[in-house]
Amino acid sequence: MVSFYLFPLIVTVIVIAGSFGADAVQLGCNHPDDRCLPIRHCPQVYKRIQMGELSRNTTFKKEVLRKICQPAVQRDKKTHICCPKRQIECRLNGKPGACLLLDQCPTLQSTTEQHLMLAVADNLCYVHENKNYFCCTDPLCAEHKNLCDQQAPEVPPSAFPSCTDSNGVAGSLVAARVCSGQAQTPAKKTTAGTRVCCLPPEAGRIISHPNAAKLASLPCGMNVYNDRIQNGELAEPGEFPWMVNLVYTTKSFCSGTLIHPLYVLTARHCIHAGLQSVRLGMHDLLEKPASCYKAANGSDICPGQNIQEIGIESKIRSFTHDVGLLRLYQPAELVRKVVWPICLPVYLTLQMYMPPTVTISGWGMTELNVRSTVLLQAQTPVLMNQKGCSKDYMICAGGVGHKNHCAGDSGGPHQALGLYGGEIRYVQYGIISDGPKYCDKPERPSRGVLVSYVMEWLLDKMDI
């Protein structure tokens, strides 16, 4: 809110700007990184005006006048100036925020743009290229504006082969099991399994299983879009908050993913007598839960303060595929960007979707034949109908000339961005099972179990 003593000064700006003539006020902003918005959202200028500098500093006054602009779409009657995007801030109900598009703000997902526009003075920051930018008070976005302020990447076409039914309607050639309940052509049996031409389902339709709807209602995936994936690079802390480190009494090591506060998804061969607990919120395996030390200034540094170690109540194994499920003794505490579930393909559109590339992540062996203590990730292409990778239940990726998972990455995810309930989220499409003998010199692709193929089994085994 503008203070009483500040109001005349802003009026002065408007009057002086008017004395220069209509042509003196620029339409929009000349610099591509500037935005034409109300002065209150440009704190480096606004704070100086609040301190009375406009009336006593001629140079500053001229600087402000040069920045006055006319927005292409005028929704706020206040004086507008051109402000560098990196300097833009806002406040809503006393909380600091970032100016973002509606779909970039996690805390605004439950509302509509029409509702926000009912209180333009409170909610709207500015209009740019005919898009409304609103004040988002999500703590993560307010603190790290560059993480949230990027367009959601588009989902690429499915890697499943395209097909047409007898009426010429386009679909995807998939396993009959993942096309359950959808329009399809008569099944064709092959050596790999039973394939059908599956027609696109109704948007937003969920698998007909009671637990599918429960999973779909839970938060999952990432609602801050981060496309800084680089092959073979270290994962950033919190980049894959669903990654789980399995803790053994033996020298075994495997990964898993949090798919629900009570459940971890992994590979069947990772589940044996030596498995005792799971650790969530891990990035560097050298960190220990609640481990703290004194810094030079005397403050307590606790790098492992977000790590949760939880015991396993039950170990559930599939008899037909390399898939396992761990039920935890207590629900994981969900902390955004630290401990968060990954989405599963519970929507029918995701059942018949195969990403052309997936990201693999884990703490397995490196090309130097040593185990990585820090979470690694790499992006690698999905392969279709390759030798040794033709079974309906398989997802295959990498291979010769590409990145592959290594020993110790088993149980981790084949993951990619997908359209989940109308939003772009990370979805787990596969469970890493086995790979080439030497991951630095692969003779064949890495293989995993397609999550959509075992989705019914997973939902049956989950008590939620």
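Colleague: In what order do the four strands of the mixed open sheet run?

Modeller: This is a predicted model; local features need pLDDT of at least 70 and side-chain atom pairs pLDDT 80 or more, while totals for chains, interfaces and linings use all residues. Residues are numbered from 1 along each chain as its sequence is written, and side-chain values use heavy atoms, without hydrogens or water. Strands are DSSP runs of E, at least two residues, and helices are runs of H or I, at least four, numbered from the N terminus; two strands pair if DSSP finds at least two bridges between them. On that basis the order is β1-β3-β4-β2.

Colleague: Which strands stand at the edges of that sheet?

Modeller: Look for strands that pair on one side only. They are β1 and β2.

Colleague: In β3, which residue is the bridge partner of Q26?

Modeller: β1 and β3 (residues 68-70) pair in the parallel sense, over two bridges. Within β3, Q26 has as its bridge partner C69.

Colleague: At about what angle does α4 run to β3?

Modeller: Helix α4 lies across β1, β3 and β4. Axes are lines fitted to C-alpha atoms, for helices over the stretch in contact (heavy atoms within 4.5 Å). Angles run from 0 to 180 degrees between N-to-C directions. Against β3, the value is about 15°.

Colleague: How does α2 stand to α4: roughly parallel, roughly antiparallel, roughly perpendicular or oblique?

Modeller: Helix α2 (residues 43-50) packs on α4 (residues 58-67) at about 135°, with the axes 12 Å apart. Under 35 degrees counts as roughly parallel, over 145 as roughly antiparallel, 65 to 115 as roughly perpendicular, and the rest as oblique. So α2 is, relative to α4, oblique.

Colleague: Which residues of α4 does α2 meet?

Modeller: From α2, the residues involved are V45, R48 and I49. In α4 they meet F60, E63, V64 and K67.

Colleague: Is the disulfide of C29 and C82 left-handed or right-handed?

Modeller: It is one of 10 disulfides found in the whole structure (cysteine sulfur pairs within 2.5 Å). The S to S distance between C29 and C82 is 2.1 Å. The torsion about their S-S bond is about -105°, so the disulfide is left-handed.

Colleague: How many residues apart are C29 and C82?

Modeller: C29 sits in the loop between β1 (26-27) and β2 (34-38), and C82 in strand β4 (residues 80-84). The pair links distant parts of the chain, and the separation is 53 residues.

Colleague: In the open sheet with order β5-β6-β8-β7, which residue of β8 is the bridge partner of L100?

Modeller: That sheet pairs antiparallel. Three bridges join β6 (residues 95-100) to β8 (residues 131-136). The bridge partner of L100 is F134.
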